[in-house]
Structures are given as structure tokens and as C-alpha cells.
Amino acid sequence: MEVESSSHTKHANGGGRRHNSGGSDSKESSVERELNGEIQAVVLNGSGSNGLGLIKKPLPVGDDGRIKRKAKRLIQRQHSGSNGTVATLTNGSGPGSGGASGAAGSGGAAAAAGATGIIPQPGGYVVPHRRWKNSRRSRNLTRGRGLPKKGGAGGKGVWGLPGSEALAELYEDENDPNYDSECNDRNVELREVITETTPEEFFKLAEPIVLEYYEHGDTHEVALSFDEILQSPLREQITSILVEIAMDHKDSQREMTSVLISDLYGRVITGKDIEKGFNILLSNLPDLILDTPEAPIMLGNFMARAIADDCIPPKFVAKPEETLQLSEYAEQALRRADSLLHKQGWAHLDNVWGMGGPLRPVKTITKQMTLLLKEYISSRDVAEAHRCLRALEVPHYHHELVYEAIVMTLESLSQTTEEAMCELLKSLDLTCLVLPAGMEQGFIRAFDDMADIVLDVPLAYIILDRFVERCNRAGFLTDKIINNVPSRGRKRFVSEGDGGHVKPAMFPMRD
């Protein structure tokens, strides 16, 4: 038996390394060179170098009697075939392990790749086991492009695909503790439900609309706002809400409310709705009178004005419904409306609330202020004077009241009147009914007209000085008023220094 050399063994294995190029020799792993260097073959019966009949060298045996085997490592060899070089995969256990690897060709490579799941690299380099084992690249060779699996959406201990929490789950587990059978019932039919608004809720919605109308006075805007929130059963509540809110305001707002009811008639509400609204107010009068003692008279004015505007028929007041149980306050309101309607003509009902402050002529306002001052002098009731001044609703014209008070003091020639007027003006300044600017304007106007007033009242300058001094002690006059008090010049006599000389008619010209 002859033991062939290592180089002869490599020649007998088919000369696989003989056909390698320079580039592939450099990429051959150290494991392959180690295995090829340690494996020696034995030739039996003088067989040729075709590789047949070669046997491996027996493996070494350890001290404990066990055979020591080397770890099998995947290596790549290239063999020459009929169609050129074909790359095959072996496990490094010698030429006998691969069988006819050269003859297998590409079929053997595909089989090996399918068996091991390793994709041969173009340069002949095989990814080490620990590197491709932990790779996230797809193991499926027939599908995909080798990208990471699921884009991070699957696997153990991952959050899932970004944005997947917003997607609806098609499958719901009934064993889930959070599963709700009522919410997840597929046989539920959804329908639109319109909740009915209660009268209290409708009052809260309508009150801001009415208060805003008192600012801009646009009835068309109010009609559009009511169309958005109004429901059919609540139309009769509109009239009662409008009148109830107007009772807490002034006559000018009540006049605007009567105009609003007339404009909403035929567009938002009907005559029947207005009648039902007044019936609601008649039944609620015992409660309304607690906050507004004059509620029956005001309600009678509203009903008479609605009849004059052809919103409701006159029989609503003349013959009220028998089914309606009327209280004494309701009967008083009906009598008030009936008395207004039985006067000659209904033209006076257009001014049932009086004319608003800015709408009245200046002469009318001046006459009312004069009557206010005369009533105050006779009664000395400061609170009543304040109430009448507020009822005029002309804060921009309060300087006229100050002017008339000064003129009336000068014409009275009485210190009692001076004291009463000083007390009134002081109270108006303390309560801010008359602003300091209005007070100054009234006094300045009186100072400017002193030349005309003194013609009727010769002692006007003396009385004015005394009255201004009294008001200054009361502490409500400003420095501007005190500095502008006029003083009347006197005629100079001969005894006062002129010496009786008559001044020359002509004066010498001076260059």
C-alpha cells in the first residue's frame, strides 16, 4: 500500500483547484486549505489517478476511545464540466462526500442551495453561518426581493407597522375582555334623531338674539337667527319671550320689540302663534309682576300695539277665550288694551311707548326737562328726578338740563331755589347721570348767554357769582368752570379818577 502525497491527492480529485483563476484562489477560505492539507488518500490495487478506489485516512482516536471528528464547514469548490466551470457546495468532508459533483452541474448547485438555503455570491464567497442566520433577509428564494420581513410590522416584541393602530380591526375576538357585543353588532341600523328643545332651553338660545337686536335693530337678521334654532312646537314661545325680555328694558327697547313682532308676523310666526304667546303671558302675570310691578300695563300696551299693526284681531281683547282662566292681573291688562283701542283712531298707538330719545325733537326734550325741574323744585324728590332723567334716554343731551337749571335759578331770584338746584346738580354728579363734560358744557353755555339773560334779569351777574360760589363749596365744579365765570364791567364816573376831562375825538397818528 502506498500513500500518495498531498499534491497527488489534489490531482486525483479532479483538479478542481487547477482550473481556478487568480481571483478565486485569493478568496479560498483558510478552513478549506486546512482541510485539504490534512486529508490524505491511500491508493489501493494501483488504481489510476481518476479518483476511483481512494479511501480516506482513518480519523484519529482519543484516549477515551472516541473518534475525533472535525466540524463540517460549508465551502465552495469549482469543478470543470462540459459547459465550463460550475459552482457546487460541499461540506468539506472530502471528494467522496459530494459524489459526482462535477457531473451534477447546475442541478447540483440548485439542489444544494435549496437544501441549505444559502445563496452563492457572485465572487464565490459564502456568508458565514452566524451572519446569515441572524439576517432579516427573506429565506424564500422564489419570492420577494430579499427585503426585511413585513417592514417591521411583525415578529415578537415589536410595535407593529407605523400607523396600523389607526386602522379598523376586521376581526374582533369575542374572548377579548374588552369585547363589547352591543357596540360591535353588525345588524345595527343608524338613524338621525333630532332632540326636542324645551322652552327653557329655547329661552336661553333666543335671549342673546334679542339683546343683540337691541344693539343693531335689524329685524331681518333676527328672522334668520330664529329660522336656525326654531322648531314648529316652539313658535308660540317667540312672542312671550320677546315681551318678557322687553319688560326688563326701557321704552325704546319696548318700541323695538313691537316693531320686531310686526316684522316677524307672516314670516316666522302666524297670528295664532302671537295669540298663544299673549295667552302664555296672561297666565304668567302673577309671576311677572314680582319683578315688574307695571307688567299688566305693559302687556296691555303690547296687545293694543299688535292689534294696531294687524297682527291679531280686536276680538282677542274684546272677547277672550272662555277656557282661559284669567287672574285679576290678566283682566287689568285686557282692560288697559281695550281702553287704548276705544280711543278715537289707532294712530296714537304708534307712539304708545313714546318716541325714543334720539328720535324726539329737541324742543320736546327741552320742554320735558323744564317740567322735570319744576316738579323737582316743588317736591324736592331727588330720586324721582333721577328716574325721569333716565326715562328720557338722552345721555348726550344732559348738558341741556344743567343749562336750564342755571337759567331757572337766575330767573327765580330766590336763595331757596339756589340751594335746591345746587343739591340736584351735586347728586347728578355723584351718581354720574351727568358726566363732568356735560356739566362743564352746561355752565359754559350759560356763561356765553349772560349778555342776553341780563336784559331780562338785571341782577343775573350777582346771582350767578353767588350760585357758582355755592356750587364750588359743594365740590363738583372743575377749575375750567371757575376760571370762565364772567364779570360785568361798570360805567366809570368822574369821581373815580377821570377828572371830568373829555377825551379828544381824534388821536394823533404815530409813525
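Reader: Why is Glu 400 called buried?

Author: This is a predicted model, so every value here is computed from predicted atoms. Glu 400 has a relative accessible area of 4%. Buried means under 20%. The value falls under the cut-off, so Glu 400 counts as buried.

Reader: Where is Glu 400 found, and what is it in contact with?

Author: Glu 400 sits in helix α17, residues 399-412. Leaving aside neighbours within four places in sequence, Glu 400 is in contact with Thr 366, Met 369 and Arg 445. The C-alpha atoms of Glu 400 and Ile 365 are separated by 9.1 Å. Along the chain, those two residues are 35 residues apart.

Reader: What makes Arg 445 and Glu 400 a salt bridge?

Author: Their side chains meet at 2.8 Å, N to O. The cut-off is 4 Å, from a side-chain nitrogen of Lys or Arg to a carboxyl oxygen of Asp or Glu. The distance is within that limit, so the pair is a salt bridge. Arg 445 lies in helix α19 (residues 436-448) and Glu 400 in helix α17, so the pair ties together parts that are 45 residues apart in sequence.

Reader: How many salt bridges does the structure hold?

Author: The structure holds ten salt bridges. One of them joins the side chains of Glu 236 and Lys 276, at 4.0 Å, N to O. Glu 236 lies in helix α8 (residues 236-246) and Lys 276 in helix α10 (residues 271-283), so this pair ties together parts that are 40 residues apart in sequence.

Reader: Why are Glu 236 and Lys 276 called partly exposed?

Author: Glu 236 has 23% relative accessibility. Lys 276 has 42%.

Reader: What makes Arg 305 and Glu 255 a salt bridge?

Author: The side chains of Arg 305 and Glu 255 meet at 2.9 Å, N to O. The limit is 4 Å, so the pair qualifies. Arg 305 lies in helix α12 (residues 295-308) and Glu 255 in helix α9 (residues 251-264), so the pair ties together parts that are 50 residues apart in sequence. Arg 305 counts as buried at 6% relative accessibility. Glu 255 is buried too, with a relative accessible area of 18%. Each value is under 20%, so the label holds for both.

Reader: Why can such side chains pair?

Author: Side chains of opposite charge can pair when their charged atoms come close.

Reader: Why is Leu 413 called exposed?

Author: Leu 413 has 53% relative accessibility. Exposed means over 50%, so Leu 413 counts as exposed. Its place is in the loop between α17 and α18 (415-430). Leu 413, Leu 459 and Ile 462 form a nonpolar patch on the surface. Together they have about 310 Å² of accessible area.

Reader: Which residues have the most contacts inside the largest nonpolar core?

Author: They are Ile 238, Leu 264, Phe 278, Leu 299 and Met 303. This core has 51 residues. Helix α12 gives the most to this core, with nine residues.

Reader: What does Leu 264 touch?

Author: Leu 264 touches Ala 223, Phe 226, Ile 238, Leu 242 and Ile 269. Residues up to four places away in sequence are not counted.

Reader: What do the buried residues of α10 pack against?

Author: They pack against α8, α9, α11 (285-291), α12, α13 (315-318) and α14 (328-341). The buried residues of α10 include Gly 271, Ile 274, Phe 278 and Leu 282.

Reader: How many helices and strands are in the chain?

Author: There are 22 helices and five strands. Buried residues make up 34% of the 511 residues in the chain.

Technical notes:
Residues are numbered from 1 along each chain as its sequence is written. This is a predicted model: local features need pLDDT of at least 70, side-chain atom pairs count only at pLDDT 80 or more; totals for chains, interfaces and linings use all residues. Side-chain values use heavy atoms; hydrogens and water are left out. Helices (H or I, at least four residues) and strands (E, at least two) are DSSP runs, numbered from the N terminus. Buried means under 20% relative accessible area, exposed over 50%, partly exposed in between (1.4 Å probe, protein chains only). Contact means heavy atoms within 4.5 Å. Patches are made of residues with over 30% relative accessible area and no salt bridge: like charges are joined within 9 Å, nonpolar side chains (Val, Leu, Ile, Met, Phe, Trp, Tyr) within 5 Å. Accessible areas come from the Shrake-Rupley method with a 1.4 Å probe; for residues, only the protein chains shown count as cover. A nonpolar core is a set of buried Ala, Val, Leu, Ile, Met, Phe, Trp, Tyr and Cys residues joined through side-chain atoms within 4.5 Å.
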